[in-house]
Amino acid sequence: MIIKDNSTLKKLTTSWYESNDFDRIQQHIELETDELSKIVGDDVINQAKAIADNLSPIESDKNLLQKVQLPIALMAVYRYFQLNIVSHDQSARKIKVDSDNEKLPWEWMLDRDDQAHLSGAQRAIDQLISYLDKTRNEHWIDSPQKKAAKSLFVNNTEVFGEYYPIDNSARFYYLCIPLLQEVQSLELRPALGDDYRLLLDAFQNDDLN
C-alpha cells in the first residue's frame with residue numbers, strides 16, 4: 001500500500017491523529033489510490049508504490065512519492081470523516097459525545113472542513129501533474145492519459161485555459177479529456193473533412209499559418 005502507517009498520514013494531512021485506528025482507513029486509501037490512477041495512470045502509481053516499498057533514499061524519489069501520497073491521504077481522510085459523523089451500532093446510527101469536554105460542530109463548520117480537504121486534494125493533484133511534466137517522468141509521458149491529450153486540438157491545460165478559464169487546473173483538464181475527444185470526433189472531424197489531420201498535426205506542432 002502506498003501509505004503504510006498513521007505517522008505518514010499525520011504528516012501529510014495534519015488532521016489525522018497517530019492514535020487513530022489505521023486499519024479503519026486502509027480501505028479508503030486503496031480506493032483513493034485507484035481514483036488517482038485514473039488521472040495519472042497505473043504506471044505512475046506503481047512507481048510510487050515501489051519507492052514506498054523500497055524506502056528509496058534518492059531525493060527525487062522521495063519528492064515523487066510524497067506528491068503522489070498527498071492527494072490520496074487528503075481524500076482518504078475526507079472519506080473517513082464523512083462516514084464517521086455518526087457511529088454505526090447494531091441497533092441504529094448514533095452520535096457519541098462527551099458533553100463535558102466536547103461539542104458537536106455546526107453544519108457549516110463541517111461543510112468548511114469538507115471543502116478544505118477537497119480543495120487541498122484537488123490542488124495536490126494539480127501539483128503532482130505539474131511535477132510529472134517538469135521532471136519528464138517517463139511513466140507519465142507514456143501513460144494513456146498523456147497520449148490521449150496529445151491527440152487533441154486542446155492538448156494541454158494552458159490551451160484549454162485560453163478559451164475557457166479553469167484556474168490552471170490540470171486535474172480538471174484531464175477529467176475533461178473524454179468530453180474533448182467526443183467533441184473533436186463528432187463535431188470537428190466532419191467539419192474539417194480532408195483537412196482534419198493536416199490541421200491537427202500543424203496545430204500540435206505550433207505551425208499553423
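View A. Trp140 sits in helix 6, which spans residues 138-141. Helices here are DSSP runs of H or I with at least four residues, strands are runs of E with at least two, and both are numbered from the N terminus. This is a predicted model, in which local features need pLDDT of at least 70 and side-chain atom pairs count only at pLDDT 80 or more, while totals for chains, interfaces and linings use all residues. Residues are numbered from 1 along each chain as its sequence is written, and side-chain values use heavy atoms, with hydrogens and water left out. Is Trp140 buried or exposed? Trp140 is buried, at a relative accessible area of 0%; buried means under 20%, exposed over 50%, and partly exposed in between (1.4 Å probe, protein chains only). Setting aside neighbours within four places in sequence, Trp140 has contacts (heavy atoms within 4.5 Å) with Ile39, Val40, Val44, Ile129, Leu132, Asp133, Gln145, Lys146 and Tyr174. Look also for Asp42: its C-alpha atom is 9.2 Å from that of Trp140, although 98 residues separate the two along the chain.

**View B. The buried side of helix 1.** In helix 1 (residues 6-13), the buried residues are Asn6, Leu9, Leu12 and Thr13. These residues lie on the same side of helix 1 because they cover an arc of only 130 degrees around the axis, the arc being taken from the directions from the helix axis to the C-beta atoms. What do the buried residues of helix 1 pack against? Their partner is helix 4 (59-83).

View C. Just after helix 1 comes Thr14, with a positive phi of about 65 degrees. Thr14 belongs to the loop between helix 1 and helix 2 (26-40) and is exposed, with a relative accessible area of 70%.

**View D. Positive phi at Arg136.** Most residues other than glycine have a negative phi. Arg136 is not a glycine, yet has a positive phi of about 55 degrees. Its place is the loop between helix 5 (107-134) and helix 6, where Arg136 is exposed at a relative accessible area of 58%.

**View E. Salt bridges across the chain.** A salt bridge is a side-chain nitrogen of Lys or Arg within 4 Å of a carboxyl oxygen of Asp or Glu, and the count by this rule is five. Among them is the one between Asp53 and Lys4, at 2.9 Å from N to O. This pair links distant parts of the chain, with Asp53 in helix 3 (residues 42-54) and Lys4 in the segment before helix 1, 49 residues apart. Lys4 is partly exposed, at 41% relative accessibility. Glu32 and Arg79 form another salt bridge, with their closest N and O atoms 3.2 Å apart. Glu32 is in helix 2 and Arg79 in helix 4, so this pair ties together parts that are 47 residues apart in sequence. Glu32 is buried at 10% relative accessibility, whereas Arg79 is partly exposed at 36%.

View F. Lys38 and Glu35 form a salt bridge whose closest N and O atoms are 3.0 Å apart. Because they are three residues apart in helix 2, about one helical turn separates Lys38 and Glu35. Lys38 is exposed, with a relative accessible area of 57%, and Glu35 is partly exposed at 40%.
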